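The following exercises concern a single protein chain, shown below. Each task is followed by a solution in steps.

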Amino acid sequence: MPGSLEPLDLGVQIPYHFRCPISLELMRDPVTVCTGQTYDRPSIESWVATGNTTCPVTRAPLTDFTLIPNHTLRRLIQEWCVANRAFGVERIPTPKQPADPSMVRSLLNQASSDSAPTQLRVNSLRRLRGLARDSDKNRSLIASLSAVQILLTVVFSCNGSDEMNHEALAILVMFSLGENECEFVASDLDKIRYLSMLLFHSSMEVRVNSAALIEIVAAGTRLPELRSQISNVDEIYDGVIDLLRNPISFPRALKIGIKALFALCLVKQNRHKAVAAGAPEVLVDRLADFEKCDAERALATVELLCRVPAGCAAFAEHALTVALLVKIILKISERATEYAAGALLALCSESERCQREAVAAGVLTQLLLLVQSDCTERAKRKAQLLLKLLRDSWPQDSIGNSEEFACSQVLVVPL
């Protein structure tokens, strides 16, 4: 078997006993099962998770599913990596061991005990936070022990300290909340106001975590009246939008801020509050700083706010709005293109000045390319509507002399 292994592209061959028998890849976290065979932890865990109850190599029954770390083999692998650094082999990091269920249960009990000293509860939460950060496996274990319900209680508890509440909040936002948990928060206006107050905390981490929980709850609540109650708190918009004003050295603030703002703006009757808090100006100024998914949310939020008269007017007043939206078409993604075209359609429908700015920014070519592209049908429909709207705004020679595009055919597409 060793002779059948293909050499690495790096010019060095992995020793056979360093390879996982399941994946045939270099083991990073070797563990030994009850049969004495060693596997890479993710591979053997996946093997067992799919219902297998036998050892992959020996086919003997796995009477005990305990995985024992093979520290000796792991150190040998690390030494081999270091010795072959010249061939581009990177040293594997020392893996962190999965959390012990009994320990996690004990920490949760201490954190939720009103009779325990406050500092002990804080220390327990800090240890839980460290475990949750270590791995998905740890987070799954913590969640399986009713951690979300416990943490929700601690976050809004009046029997501890601010530090304890903030530690619990930092852990809570690492997990998804079910509909019942979201309604537990959304149905209590005092809880929403408490979170909105944290948006103005002196600690950036506390502010971001508060916005994260607001987004989770707003997005996970189905009842319209509860979603409206969340977005009806004026201070929430000021706090969330202020997160977006932070420099790009705080990328998590930008990411969480735009997620929260988008979730809040899905409630149509309260979008004017986002406009009043200065969302249009901030969105345009920050648009270039967002990563792909966040840029899509930002553009979707722009389009939503353009449907509000005050929002449309605010975006139209910003000198960069139209040119930036035109530039984005066909640049980021299909969704981003669709939202940008929708926002331009709303702006140009309300303002002749925006029409002139769009034409000057080269929207004609962008829309013609969009109509002929593989973008979504909704994006193409918005482009066609915008082309019809701007028909009288094109320079005379921009259509008549065009040999590359059949402009007249595009403009009369049935809608």
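**Exercise 1: The sheet**

Strand 1 (residues 30-32) and strand 3 are joined in the antiparallel sense over two bridges. The model is a predicted one: local features need pLDDT of at least 70, side-chain atom pairs count only at pLDDT 80 or more, and totals for chains, interfaces and linings use all residues. Residues are numbered from 1 along each chain as its sequence is written, and side-chain values use heavy atoms, with hydrogens and water left out.

Task: Determine the strand order of the sheet and state what packs on it.

Solution. 
- Helices (H or I, at least four residues) and strands (E, at least two) are DSSP runs, numbered from the N terminus; two strands pair if DSSP finds at least two bridges between them.
- T32 has I68, in strand 3, as its bridge partner.
- The three strands form an open sheet in the order 2-1-3, with antiparallel pairing.
- Strand 2 (38-40) and strand 3 (68-69) each have a single partner strand and stand at the edges, so one side of each lacks a neighbour in the sheet.
- Helix 1 (residues 41-49) packs on this sheet and touches strand 1, strand 2 and strand 3. Its direction makes about 95 degrees with that of strand 2 (axes are lines fitted to C-alpha atoms, for helices over the stretch in contact; angles run from 0 to 180 degrees between N-to-C directions).

**Exercise 2: S333**

Task: Describe the surroundings of S333.

Solution. 
- S333 is found in the loop between helix 18 (321-328) and helix 19 (334-350).
- With a relative accessible area of 15%, S333 is buried.
- Its side chain reaches the backbone nitrogen of A336 at 3.2 Å.
- Leaving aside neighbours within four places in sequence, S333 is in contact (heavy atoms within 4.5 Å) with K292 and E296.

Conventions. Buried < 20%, exposed > 50% of the residue type's maximum accessible area, 1.4 Å probe, protein only. Polar contact = N/O pair within 3.5 Å; in protein donor to acceptor, adjacent residues only side chain to side chain.
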